[in-house]
Amino acid sequence: MRIKTIYYNGNGVDGREIGGVGFAPDAVIIFSDPSSGASLTFRTKEMSGDVTANFRADVAWEANMIQALSADGFQIGTNGNVNSTGFFYYAICIKRTAANDFATFQYTGDAADGKKITIGFKPDFIVSKSNTAITGAAAFSSRPDGNRGFMHFAGANRDDLYGAYTEENGFTVY
């Protein structure tokens with residue numbers, strides 16, 4: 001897996017290219033200056049069109065944030081979560097380099113227990129964010145006390161990974 005952190009100052013300009021990554025990222029996660037009030041956002045290579053997921057907000061995917069991934073970075077819009085004038089942003093760019101080090105994917109939920117998600121390896125960490133007005137969630141394969149770890153990012157309506165069990169080739173959601 002390759003990871004590179006990019007730092008940039010917001011300027012409010014739409015369609016702005018943020019380059020210098022050195023590879024085409026499979027995923028970009030953007031953090032902002034805490035004083036901006038912005039939420040943690042991300043985009044993966046599977047997301048098409050001008051959409052970005054917001055980890056902490058009870059909102060559907062939004063436009064005008066991370067507008068596209070490119071050969072050497074990504075493009076941003078004017079949304080304050082990624083590009084407000086006068087604020088500083090951190091972008092973590094991630095690229096899969098081996099079959100079992102990192103995966104991004106989309107799947108369709110069906111509200112049924114026992115849905116198996118196959119990704120080709122046993123994950124240590126899973127993040128889920130619906131494209132509807134539901135807050136994201138994360139699950140860890142284990143904690144030091146032997147129990148599974150779980151957390152929601154915030155909000156009343158949220159993805160539920162509480163029953164996520166990691167398996168040899170992916171995970172099962174209960």
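Asp-26 and Lys-95 are joined through their side chains by a salt bridge, with N and O 3.6 Å apart; the term covers a side-chain nitrogen of Lys or Arg within 4 Å of a carboxyl oxygen of Asp or Glu. The structure is a predicted model, in which local features need pLDDT of at least 70 and side-chain atom pairs count only at pLDDT 80 or more, while totals for chains, interfaces and linings use all residues. Residues are numbered from 1 along each chain as its sequence is written, and side-chain values use heavy atoms, with hydrogens and water left out.

- Strands (E, at least two residues) and helices (H or I, at least four) are DSSP runs, numbered from the N terminus.
- The whole structure contains two salt bridges.
- The other pair named here is Asp-26 with Lys-45, whose closest N and O atoms are 3.9 Å apart.
- Asp-26 sits in the loop between strand E2 (16-18) and strand E3 (27-32), and Lys-45 in the loop between strand E4 (41-44) and E5, so this pair ties together parts 19 residues apart in sequence.
- Asp-26 has a relative accessible area of 6% and is buried; buried means under 20%, exposed over 50% and partly exposed in between, with a 1.4 Å probe and protein chains only.
- Lys-45 is partly exposed at 48% relative accessibility, and Lys-95 is partly exposed at 25%.
- Through shared partners, the salt bridges join Asp-26, Lys-45 and Lys-95 into one network.

**The sheet**

- An open sheet is formed by five strands in the order E1-E8-E3-E4-E5, with antiparallel pairing; two strands pair if DSSP finds at least two bridges between them.
- E1 and strand E5 (53-54) are the edge strands, each pairing on one side only.
- E1 and E8 run antiparallel and are joined by eight bridges.
- Ile-6 stands opposite Ala-91 in E8.

**Aromatic pairs**

- There are five aromatic pairs in the structure. Rings of Phe, Tyr and Trp (its six-membered ring) pair if their centres lie within 6.5 Å; planes under 30 degrees apart count as stacked, over 60 as edge-to-face and the rest as tilted.
- Tyr-7 and Tyr-90 form an edge-to-face pair, because their ring centres are 5.5 Å apart and their planes stand at 80°.
- Tyr-7 belongs to strand E1 (residues 2-9) and Tyr-90 to strand E8 (residues 88-95), so the pair ties together parts 83 residues apart in sequence.
- Tyr-7 is exposed at 51% relative accessibility, whereas Tyr-90 is partly exposed at 34%.
- Tyr-8 and Tyr-89 make a stacked pair, 5.3 Å centre to centre with 15° between the planes.
- This pair also spans E1 and E8: Tyr-8 is in E1 and Tyr-89 in E8, so parts 81 residues apart in sequence are tied together.
- Both Tyr-8 and Tyr-89 are buried.
- One aromatic cluster is made up of Tyr-7, Phe-88 and Tyr-90.

**Thr-52**

- Thr-52 lies in the loop between E4 and E5 and is buried, with a relative accessible area of 0%.
- The Thr-52 side chain reaches the backbone nitrogen of Ile-66 at 2.8 Å.
- Leaving aside residues up to four places away in sequence, Thr-52 touches Thr-41, Phe-42, Met-47, Trp-61, Glu-62, Met-65 and Ile-66; contact means heavy atoms within 4.5 Å.

Technical notes:
Polar contact = N/O pair within 3.5 Å; in protein donor to acceptor, adjacent residues only side chain to side chain.
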